[in-house]
Amino acid sequence: MNQTKGNKRSRFFALLMAGALSAASLSAQAQNRTIKGCITDANNKEPLMGATITLDGGKTGAVTDLDGNYTLIVPAGTKQITVSYIGYIAKTVQLNGDVINITLDSNDRQLGEVVVVGYGTARKSDLTGSVATVSAKDFNKGAISSPEQLINGKVSGVQIMSNSGSATSGSTIRVRGGASLNASNDPLIVVDGVPLELGGISGADNFLSMINPQDIESITVLKDAASTAIYGSRASNGVILITTKKGSDSKLNVQFSSTNTMQTRAQMVDILSAEEFRSVINAHGTDAQKALLGNANTDWLDEVYRTTLSTDNNLSLSGNIVKGLPFRASVGYANQNGIIRGDKSERFTGNIVLNPSLFNDHLKLRLNAKGSLTKNTFYNSSAIWAAATFNPTLPVHSGSDKLGGYTESLDASGNPINTKAGQRNPRGLVDMYDTGSDVKRFIGNFDVDYKLHFFPDIKLHATVGTDVAEGKGHTRVPEYAASNFFDGGYNYNYGPQKKMNNLLTVYANYGHYFEEAKSNVDATIGYDYQYWKSTQPETVEYNMAGSQLKTHKAEDYRHTLLSYYGRVNYSYDGRYLLTATMRRDGSSRFGSDYRWGTFPSVGLGWTVSNEKFLKDNKVLSNLKLRASYGVTGQQEVGGNYNYLPVYTYSSTGAEAYINGSWINTYRPEAYVSNLKWETTDSWNAGFDFGFLNNRISGSFDFYTRKTKDLIATVPAAAGTQFGKTITTNVGNVDSHGIEVTLNATPIQTKDWEWNLSYNFTWQKMKVKNLSLVKSDSETNMIVGPTVKDENQIQVLTEGYAPNMFYVYKQLYDRNGKPIEGAYADLNKDGAINESDRYRYHSPMPDYIMGLSTSLRYKQLTLGMSFRANIGNYVYNATAMNTGAWEVETWADGLQLNNLNRSYMKTGFQTRQYLSDYYVENASFLKLDNINLSYNFGKITKWCSLSLSAMVQNVFCITNYSGADPEVPNGVDSSFYPRPRTYTLSLGLTF
């Protein structure tokens with residue numbers, strides 16, 4: 001009985017204990033709760049995939065997914081969680097709700113930065129290639145008419161040179177000096193995922209300027225093959241990615257900016273004044289020449305050049321008026337006047353972006369549409385030469401109505417002298433020249449980004465894009481204008497030229513962080529289809545009487561590019577990085593047997609600063625070693641049909657007389673049926689570093705590039721082809737260089753901040769082979785601008801830098817004065833001839849440097865930007881052509897022409913076309929701009945105000961005697977000088 005009672009008592013206590021435990025468990029479960037949220041970068045609000053959320057005691061609770069989201073069951077009694085992510089400062093937060101969104105600050109703002117790369121984005125800390133990004137806050141300020149000017153001098157290895165000072169001028173952009181000779185050296189430019197066609201369109205010298213710089217959010221430059229090979233066949237010369245601004249989820253934001261400028265002449269060509277010219281003619285001229293002197297003192301530069309006012313106004317609205325539909329819309333109007341009379345560009349732009357997210361951010365859409373209308377008025381380029389050479393003792397106006405009332409040099413019949421060397425009145429050239437264009441452009445793309453509901457690690461992306469443009473224009477010159485007096489003037493229209501560029505991109509992306517393996521994997525595979533078409537009708541030039549002067553044939557060019565590509569990014573524990581890409585391109589610009597090219601790349605990285613022995617180092621903030629290799633291509637072969645037998649319609653005089661009738665014939669063009677890709681093998685090694693919490697940071701890169709199967713235009717073997725030259729694959733070009741970037745913040749307090757940014761580039765390029773057939777003899781190919789008749793001034797030679805000046809070595813007397821016609825007999829054969837020409841310097845600089853600095857005190861900021869080129873040379877063709885007495889004997893003694901001041905030093909009687917005397921060291925240091933701005937902040941509850949003033953092209957320190965040491969091709973001939981610009985800007989935010 002006692003045992004029975006004991007058993008009952010035990011069962012009772014067991015049931016009591018079980019009930020207590022069950023109640024405790026139910027109570028604990030009742031106190032557990034589920035929280036969720038999103039982990040993002042504090043700087044750019046991008047989600048952080050693979051961030052770790054730990055509970056009290058260090059136990060891992062969750063890891064964020066592809067979009068930075070997490071879900072976490074929090075045990076009872078937990079008061080806080082800690083979030084950590086490699087490269088970011090860990091943050092502990094209190095649990096005060098069921099939805100907790102957390103932002104992390106990067107312990108290296110650059111490492112945490114998310115940058116745009118080909119077909120997606122990546123954290124800068126994960127990059128293994130040489131990539132530079134310039135965001136809007138670091139763009140060049142002031143009068144910026146074209147996107148590339150925003151980063152001029154900002155990126156090592158990138159040289160941007162405006163082609164002239166014209167309002168309608170474009171720029172020459174070189175990334176690491178270019179990789180080709182005859183093929184294009186221009187980088188591929190991609191705007192919001194749409195690769196643009198190289199070149200321009202009728203009526204627009206600067207095709208890129210039709211994109212409003214105020215709409216751009218960032219510009220990223222991909223320089224090495226690990227970064228560019230994803231673009232394969234078009235990436236040998238680098239890739240520039242332009243990302244425009246988009247909408248946000250914030251409340252409505254309205255911004256207005258107005259930039260107003262005044263442009264004046266800076267350095268000009270050095271010519272004699274009227275009094276100096278009069279003295280020279282009286283001292284050395286014949287009686288007949290002295291009789292041609294006038295009584296006026298005319299500065300023809302003043303008559304052609306002017307001081308101008310320009311304006312650039314932009315209005316944008318962004319925000320989220322309709323819930324779930326972020327948008328940005330902008331309009332812009334720019335009116336830029338050049339300092340030469342008649343030079344003007346007027347641009348109207350509009351841009352709208354819609355970027356909604358649907359289904360809890362699983363589906364993201366983006367519609368981007370950019371449109372522009374540019375109305376250009378072009379200056380008469382002949383006026384630049386005329387202003388430097390026309391007789392300064394003659395008045396502007398003649399006093400009669402003939403020839404428009406302008407003073408001209410006349411023959412015995414009272415007509416303008418009709419010789420090739422005859423100069424026209426410079427003011428008449430600009431006043432009686434009416435030529436302009438209307439150019440329309442639309443760039444649009446629609447992006448669909450879908451993260452699979454059932455497998456959110458996979459994202460599908462599709463882009464449909466188009467870039468269409470139309471350019472047309474007119475030319476009008478009255479029949480009484482001296483410039484076209486014997487043709488009866490000009491009166492014709494041209495165009496419309498139409499260009500179309502259509503794109504389809506589809507790719508799939510897989511991204512996952514494997515926590516136990518400490519591995520992050522990001523893989524992309526995709527397909528591109530791109531189609532281009534350019535058409536232009538026949539253009540007939542007429543005079544004012546309607547008579548036909550010249551005919552330009554119609555054009556119809558088309559080509560297609562098909563591409564398959566893949567990329568894998570892998571990182572282990574935030575320390576070891578791998579990037580591998582492969583792209584296969586097929587281009588219709590090559591024959592079927594040579595159409596496809598394969599372009600691989602691989603990049604490795606080691607983030608040394610994340611190793612345990614450096615992780616807590618208080619001095620070294622960041623150290624990452626990088627190395628990459630890749631192959632890129634070139635398909636810009638100067639035409640679409642070089643591999644096909646093409647026949648050209650015969651010109652006048654080449655008809656055949658058959659059966660009593662004159663029949664037009666067709667002339668076969670030279671072609672190479674096995675024309676193929678030009679390919680570039682690239683190596684890059686470098687490192688990124690940061691000290692003192694990245695108050696001092698930078699990067700170093702060394703690269704080598706070897707271009708083979710060079711697409712070059714070379715002399716055709718006699719009897720083998722029609723024409724003197726042929727475009728084929730021949731030769732090799734090698735280049736290498738060093739790039740350094742340094743950033744520092746010496747002062748950073750609440751009221752004071754001083755930032756410095758410096759970049760340095762050293763580069764060398766050498767032609768390795770130009771021969772179709774191996775030979776022991778040296779291969780010289782004369783290239784470059786012509787200085788007289790067929791005298792080209794530059795050369796391509798195996799073993800030397802491309803485009804070196806090919807000249808005679810000038811001899812001097814004991815006083816250092818050049819001896820006219822006396823050159824060194826370099827081959828010692830007793831005669832001075834073509835064999836004595838030698839290679840003398842290159843137009844390419846050895847060193848390129850940029851320095852930007854800004855100093856802020858509270859709301860007041862002072863900034864400056866410098867640029868320098870060292871080792872570049874320029875052939876001063878203007879001084880050569882106008883620096884000899886023979887210019888006074890032109891025009892059969894009916895006209896006097898002004899002289900370049902170099903004549904006072906040389907006393908040359910005849911022009912020395914190929915003398916190295918005119919090859920000048922054009923190294924320079926320029927203060928590109930100096931600016932002062934004040935941010936007033938909120939001046940009312942609903943409006944903020946900022947004001948700034950700037951001077952651009954402040955000064956240039958150089959030994960070059962011409963107007964500007966930066967000239968295209970290294971040959972200075974009638975160069976349009978860059979103006980000095982004074983700017984006042986106003987910014988309002990509502």
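I began with Cys 956, which at 32% relative accessibility counts as partly exposed, whereas Cys 38 is buried at 18% (buried is under 20% relative accessible area, exposed over 50%, partly exposed in between, with a 1.4 Å probe and protein chains only). I noted that this is a predicted model, in which local features need pLDDT of at least 70 and side-chain atom pairs count only at pLDDT 80 or more, while totals for chains, interfaces and linings use all residues. Side-chain values use heavy atoms, with hydrogens and water left out, and residues are numbered from 1 along each chain as its sequence is written.

I then searched for disulfides, taken as cysteine sulfur pairs within 2.5 Å, and the count came to 0.

Next I looked up aromatic pairs, for which ring centres of Phe, Tyr and Trp (its six-membered ring) lie within 6.5 Å, with planes under 30 degrees apart stacked, over 60 edge-to-face and the rest tilted; the structure holds 30. The rings of Tyr 333 and Phe 348 are tilted, because their centres are 5.1 Å apart and their planes at 45°. For Phe 599 and Trp 677 I found centres 5.6 Å apart and planes at 80°, so this pair is edge-to-face. Phe 599 is buried at 1%, and Trp 677 is buried at 5%.

Last, I checked charges over rings (NZ of Lys or CZ of Arg within 6 Å of the ring centre and within 35 degrees of the ring normal): the charged end of Arg 839 sits over the ring of Tyr 800, 4.0 Å from its centre.
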